[in-house]
Each structure stands twice: as C-alpha cells, then as structure tokens.
Amino acid sequence: MTTTRTVLLLGAALTALAGPALAQTAPAQTGSRPASPPAQGPAQGPTQGPAQAPAPAQGQSQTPPAEAPAATVEGVTVTGRANDIRTSIDSVSYSVAEDLQNATGSLADALRAIPSVEVDPEGNVSLRGDANVTILVDGRPSALFEGQNRGQAVLQIPADQYARIEVMTNPSAAYRPDGSGGVINLISKPNRTRPGATTTGSVRANIGNDERYNFGVSAVYTKDKLTLSGDLSLRHDTFLQEVDGDRARYDVGSGRFLASRNRFDISGPSENQFGRLAAEYRLNAATQFNVEVRGGHFQSEAFGDSLYEFDDASGALAAAYRRSGVGGPDGNFAGVTGRVLHRFDDKGHEWSNEVRLDTFDFEMVQRVQADFTRPVAPSINEIINNGQNNRQVGFTSAYVRPLADNAKLRLGYELDAADMSFDNRVARGPSFAAAVPDPTVTNRFEADQQTHAVYATYERPFGKLTAQFGLRLEQTLQDLDQITSGVQASNDYFRAYPTLHLGYELAADQTLRASYSRRVQRPGAQDLNPFLSYQDPINYRSGNPNLKPQETDSFEITWQRRVEQTFYQATLFYRDTTGAFTPVTSDIGGGVFLTRPENLGGRTATGLEVVANGKLHPSLRYNASLTIAEQSIDAAGLVGAQDRSGTTVGGRLSLTWQPTPQDFLQVSGLWTGDQLLAQGHREASSLYNLGYRRKLSEKLSLQVTVRDLFDDFHNATIIDTPTLRDRTESLFGGRMVFIGLTWNFGNGRPRQEQFDFSTGQQGN
C-alpha cells in the first residue's frame with residue numbers, strides 16, 4: 001500500500017512539473033513582483049535576515065513592497081500570490097499561510113511542507129538528508145533550538161507563530177556558518193503600521209480526536225507611532241508512540257547471534273502554552289525602537305508499558321521483564337529582545353543594533369517499575385531525570401550601505417554567548433522512596449561557549465550578472481567542565497568562512513545562479529560529555545571528548561523561471577564534508593548497546609532538486625518538489641562501520657482546490673527515501689494530510705484537517721554490521737482529525753480572503 005501511494009505521489013509530482021502549458025494561461029501572481037521579475041537576485045523580492053537587510057525582531061513592522069498593497073489575514077501580512085515563494089541571491093523563502101495544517105499543527109508540520117526540509121517523527125530536522133542544520137528565528141539564534149532536545153521543541157511549538165520559512169542551503173557570510181546542511185530561518189508574523197488607531201486580530205479554536213484541542217488569539221493595535229502586538233496559544237494533545245525493536249548480537253562463546261526483542265506503548269496528555277508581546281515605537285521617520293518578550297511551557301506525562309525478552313544460543317527464551325511507569329518532557333522557555341534601527345535615508349542605508357536574552361530549561365523525568373518474570377526476581381523501581389539548562393545572550397550590530405553602480409555593502413558583528421548545563425540522574429531501589437543514585441549514569445556537565453564573528457558582504461550588478469562576495473571570521477571559545485569526574489577542558493577555534501553567490505539573467509523570466517560556501521559543524525557541549533546517559537535498560541548514549549569539528553564545502557547551480565503564476569526551480573548540488581559526525585553503536589555487554597558520535601573520514605552528496613509551484617486550472621493549484629541524491633560515506637576504519645553509497649529519492653506534493661469563493665480543499669503528501677548511515681540505513685517513510693476550509697462570513701470560517709491520513713507515519717532505523725543487527729521502528733501520534741473556527745476581528749482595513757485564486761488582484 002505504501003509503495004502504491006509513493007508511486008502515485010511521485011507520478012503526480014512529475015505530472016505537475018510537466019504542466020507549464022496549463023499554468024501559462026493564468027494571470028501573474030507568483031514571484032516577488034506582479035510582472036516577471038528581473039533575474040538579478042537581490043532585486044527579485046524582499047526577504048528577511050541579514051543577507052538582505054538586518055532581520056526584524058519578532059512582531060516588528062516592515063515596509064510592504066511597493067508593487068502591491070498589503071492585506072492582513074489572520075494576523076499574517078501577505079501581498080498576494082506573488083509572495084508564495086520569494087527568492088534572493090542566497091535564499092528561498094516560502095509562505096506557510098496557505099497550509100491548512102498550520103492552524104492546528106506544530107512547527108514540525110509547517111517544516112514538512114517546505115522543499116529541501118525533512119522532519120522525522122521524533123522532530124529531528126534535516127536539509128537534503130543532512131541533519132546538521134542551524135535553525136534561526138528572524139535571522140537570530142534561539143536557545144529553544146539549540147542542543148539535543150531541539151526535536152522536542154520542534155514537535156511542541158505551534159506552527160501558527162510563523163508567517164514564512166526561509167531556506168538557505170548556501171547562506172551568505174552574514175549568517176552563522178554552523179550546520180553543514182544549511183540554515184532554516186523561521187520568519188515571524190509581521191505587523192503593518194497604518195495611520196490612525198486600528199485594532200486587528202483573530203481568534204482560533206479547534207477540537208480533535210483523542211481529547212485534543214487548541215486555542216489561539218493574535219492581535220495588533222496601532223496608534224500613531226506606536227504598534228503593539230501579541231500572540232497567545234494553548235494546545236492540549238494526546239501523545240502516542242509505539243516502538244517495535246528486534247536485535248541480535250554476535251556471541252563469541254557460542255559462535256551464534258543472540259536475539260532479543262522490546263515492545264512498548266506510550267500514551268498520555270501533552271500540554272503547550274506560548275505567549276508573545278511586542279511593542280514598536282517610531283521615534284521619527286528615521287529611527288524606531290522594538291522590544292519583545294516571549295515565553296512558553298510544554299509538558300507531557302504519559303503512561304508507558306514495555307516488554308523486554310532475551311533468547312539464549314538455542315533460541316529459547318532466557319530472560320524477560322516488563323517495565324511500566326509514567327513520565328515525559330517538561331520544558332520552559334523565555335526570551336526578550338530589544339532593537340534600535342536607524343535609517344539614514346530611504347535608499348536602504350541603515351544601521352541596527354540588537355540585544356537578545358533567551359533561556360530554555362528542559363527535563364525528561366520518568367518513574368518506572370521493572371517486574372522480572374524470567375527468571376522471577378524482586379521488582380526494581382527507577383527514577384530517571386535527564387535535564388538541560390541553556391542561557392543564551394546575543395548582540396548583533398548590522399550596517400547596510402548602498403554604493404555607486406547599484407552596489408551594496410553589508411558589515412556586521414555578532415556575539416553569541418551560551419551557558420549550558422546537563423544533568424543526568426538515575427536512581428534505583430526496591431521502592432521509589434528507597435531509590436539510590438547509580439553512579440555509572442549520574443553526572444553533571446557544564447559548558448560555556450562564546451562566539452565572536454565579524455562579516456562583510458559586497459554585492460554588485462555587472463550588466464546581467466550580479467555577484468555577491470562574502471567573508472566571515474569567527475572565534476569560538478569553549479570551556480567544558482565534567483563536574484562529576486573533575487575533568488576540565490577548553491577548545492579554541494578560529495576559522496574563516498568565504499562565500500560567493502552569482503546571478504545571471506538568462507531572459508526576462510529566467511535566472512541562473514551559482515554559489516559556494518564553507519560551513520562548519522562544531523560539536524555541541526553534550527556531544528563532548530564522555531559520561532553515560534541512560535535511555536532504557538538496553539540503550540545508553542554518551543558524548544565523545546575526542547570529537548572534532550566537521551567542515552563542509554558546498555556548491556550549487558540553480559536555474560529559476562517564473563511564467564506568470566508558475567515558478568520553476570532546478571538545483572544541482574554537491575556537498576563534501578570532512579570529519580563528518582555519525583552515530584556509532586557498539587555492544588557493551590549483556591545485550592546493552594552504547595551509541596556515541598564519531599568522526600567519519602568523509603561524506604559526500606550529489607543531487608538534483610526540482611521545485612514547481614503553479615496552476616493546473618483556474619481553481620486548482622499545485623506545489624511540488626522532487627529530490628534525487630547520490631550519497632557516499634567514507635567510514636575511515638570506524639569499528640562496526642563500513643563505506644557505503646546509494647541513491648535516495650524524496651518528494652512532496654500539495655494540491656489546493658477552490659471550487660467556490662467560499663470553499664478551499666487541500667491534499668498533501670510527502671515521501672522520504674532511504675537514508676544512509678555508517679552502520680546501516682533509515683527506512684523510507686511517508687505522510688499524507690487533508691484540509692478543508694469553509695468561509696461562513698467575511699469574519700468567520702470553518703476548518704477541518706486530517707494529519708497522517710493512513711495512520712502509518714513512522715521512523716525505522718536499521719543497524720547491520722558483522723556483530724550487531726538491529727531494527728527499531730517507532731510509530732508516532734497516529735491519525736489526527738481537527739475541526740474548528742477562526743474569527744477575524746478589528747477595525748483595520750478590510751481583509752482579503754487568504755485563498756483567493758480567482759483574480760490575482762489585491763483587495764482594497
């Protein structure tokens with residue numbers, strides 16, 4: 001069944017990519033301008049982030065494009081179909097306002113709709129198969145998306161906090177070079193300053209299956225020089241997970257593989273709250289001040305039941321026990337940002353300074369009882385608490401100056417300082433009250449890290465050619481303290497990161513781009529902690545104090561074309577990574593596996609990515625992407641690993657149909673092919689969603705969404721070495737069905753319906 005759906009998905013994607021004759025009959029709406037844009041990258045359309053201009057703080061107003069008046073819809077400012085996809089010389093950004101799943105889903109759901117981006121069921125994000133990805137918010141680092149618990153945040157944060165998602169697989173020097181895969185920039189919902197006093201906003205409420213529900217409200221108040229905005233969202237979900245594991249380890253004594261199995265189910269409620277309040281004050285036409293406070297909390301306390309079985313050399317059952325208990329993640333995050341922007345003129349000459357403070361406290365607590373059935377033995381109680389605290393301070397100063405011959409110079413300084421601590425605690429005993437710490441898996445680890453960076457980019461057109469040259473210099477200081485063992489260490493990295501971006505106008509509607517960047521992935525603090533971290537009785541993790549940074553040279557050639565309402569993009573890419581990080585699993589005895597990061601000899605990826613967005617019919621629109629890549633891994637003598645190579649194919653397709661001005665239907669699907677690992681591979685997976693919206697009045701609409709239509713979204717990892725074999729499959733969440741209402745309120749300018757495909761014109 002999965003194979004059939006996959007073939008249908010890819011076939012539909014290829015059909016959509018071959019449909020320009022149908023798409024060319026519609027009026028111009030996509031692109032960054034109503035007419036075909038110039039092929040010179042930076043003039044093609046506005047994007048946020050320091051590569052184009054200093055990134056606005058969350059909730060900050062921006063000047064709308066001159067070519068189209070703005071219309072506010074459910075708190076998201078849009079400028080028509082032309083802004084579905086915006087491109088610049090070093091980035092592509094996608095509007096997420098059209099995806100109906102965002103009204104009820106998490107950030108993971110929003111990211112899964114974006115070309116190049118993959119999110120597995122555990123919230124792990126990758127770009128074109130590379131999991132080393134930097135996630136920014138409005139061009140700036142966030143403590144919420146740093147560290148090993150980032151996946152939990154991706155699964156918990158509501159999607160409707162963001163208006164656009166910007167993808168930079170080869171970002172300019174104005175961005176951090178961290179992440180060999182590239183940068184994902186989450187662009188928050190912007191506000192618009194209007195004359196007089198206005199209030200606009202929306203209220204959203206949805207209920208779903210398995211006792212799920214969510215509520216959200218967004219509002220913007222503007223009077224004269226002051227703009228206030230805020231968001232509040234509450235989510236109640238049901239956490240569901242099923243894990244099925246089969247493994248075998250080679251036993252030297254018997255010369256046979258000893259098999260074991262583990263099965264467990266987890267279910268329980270999950271709570272999420274998020275709030276944001278921002279103020280913008282325009283002192284005069286040249287200077288504005290912004291301040292924002294934000295915070296949230298997510299928590300889940302689920303019940304879990306698991307069964308572990310171990311066979312002897314003859315294949316007979318030798319040992320078995322059952323574990324049951326409650327627990328889950330508990331996270332709190334908060335932040336404040338202050339920013340001053342001064343414009344020297346109206347030609348883009350400006351200087352901004354920004355200070356940020358973010359905190360993220362996370363812990364995973366479990367209270368479990370183990371009952372031994374073969375052989376029979378007294379029960380054991382465990383209290384497991386793995387925690388992380390992250391304090392992050394940032395300062396950014398960005399200067400942009402237009403020069404003669406339409407050139408532009410950008411200069412900047414950035415400071416990121418992080419103070420992180422990691423607590424892993426496990427206690428055992430005949431009862432919870434009598435539990436005593438296990439010193440082998442109880443430890444505290446602290447890390448302080450500072451990164452100072454200066455960068456410069458120079459961009460200039462030369463006729464039909466536009467070139468951007470960039471250089472970033474970074475000094476990173478890292479102090480590590482393994483408090484439990486008393487071992488301390490320091491790392492000091494200085495690196496130079498050059499970038500080059502070229503854009504050439506092939507025709508009025510076609511652009512050819514080429515780019516190069518050097519990127520780095522430094523080991524995170526938790527990746528260097530040598531102490532064991534307890535996951536469950538047969539799985540441990542640890543860091544590797546000998547882990548070295550990995551460096552990537554990334555090359556791309558991109559062809560882009562806009563034909564009225566249709567956007568096409570084809571990218572050839574090549575990534576060469578030395579010292580690539582990889583998880584390596586080993587048998588430490590008794591059927592227990594230890595996983596820790598190691599440096600590979602190298603890893604390369606060569607591929608083609610095709611993206612298309614357009615109309616198949618005046619009322620039917622498609623978004624499609626297809627990626628084919630050849631992967632190669634040089635294991636460089638790692639124990640239990642071997643050189644591997646293979647081809648992976650992935651794609652996504654979304655169809656949106658508006659049969660009447662009041663009705664909007666959306667069908668989407670994605671498929672991710674097998675991914676190579678140093679010791680095996682990750683199996684292909686697929687996800688299919690449905691959405692429907694009915695406009696009941698000018699201010700009220702009804703929406704229905706179905707996530708994971710076929711109830712089979714899973715993650716399966718295979719380890720296959722001469723001495724270890726393991727297949728672990730996890731099913732997450734299950735099918736989710738929501739129905740809800742959205743009410744728009746306020747006295748601002750009348751709103752244009754968000755999904756109006758009929759004319760391509762803006763509302764008044």
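**Salt bridges and burial**

Reader: Is R294 buried or exposed?
Author: R294 is buried, at a relative accessible area of 16%. Buried means under 20% relative accessible area, exposed over 50%, and partly exposed in between (1.4 Å probe, protein chains only).

Reader: What kind of model is this?
Author: It is a predicted model, in which local features need pLDDT of at least 70 and side-chain atom pairs count only at pLDDT 80 or more, while totals for chains, interfaces and linings use all residues. Residues are numbered from 1 along each chain as its sequence is written, and side-chain values use heavy atoms, with hydrogens and water left out.

Reader: Which residue meets R294 in a salt bridge?
Author: The partner is E292, at 2.7 Å from N to O. A salt bridge is a side-chain nitrogen of Lys or Arg within 4 Å of a carboxyl oxygen of Asp or Glu. E292 is buried, with 2% relative accessibility.

Reader: Which residues are joined into one network?
Author: R176, D178, E414, R472, E474 and R522 are joined by salt bridges that share partners.

Reader: How many salt bridges does the structure hold?
Author: The structure holds 46 salt bridges. One of these pairs R276 with D231, whose closest N and O atoms are 2.7 Å apart. R276 lies in strand 13 (residues 256-282) and D231 in strand 12 (residues 226-251), so this pair ties together parts 45 residues apart in sequence. Strands here are DSSP runs (E, at least two residues), numbered from the N terminus.

Reader: Are R276 and D231 buried or exposed?
Author: R276 is buried at 7% relative accessible area, and D231 is buried at 9%.

Conventions: Helix = DSSP H or I, 4+ residues; strand = E, 2+ residues; numbered from the N terminus.
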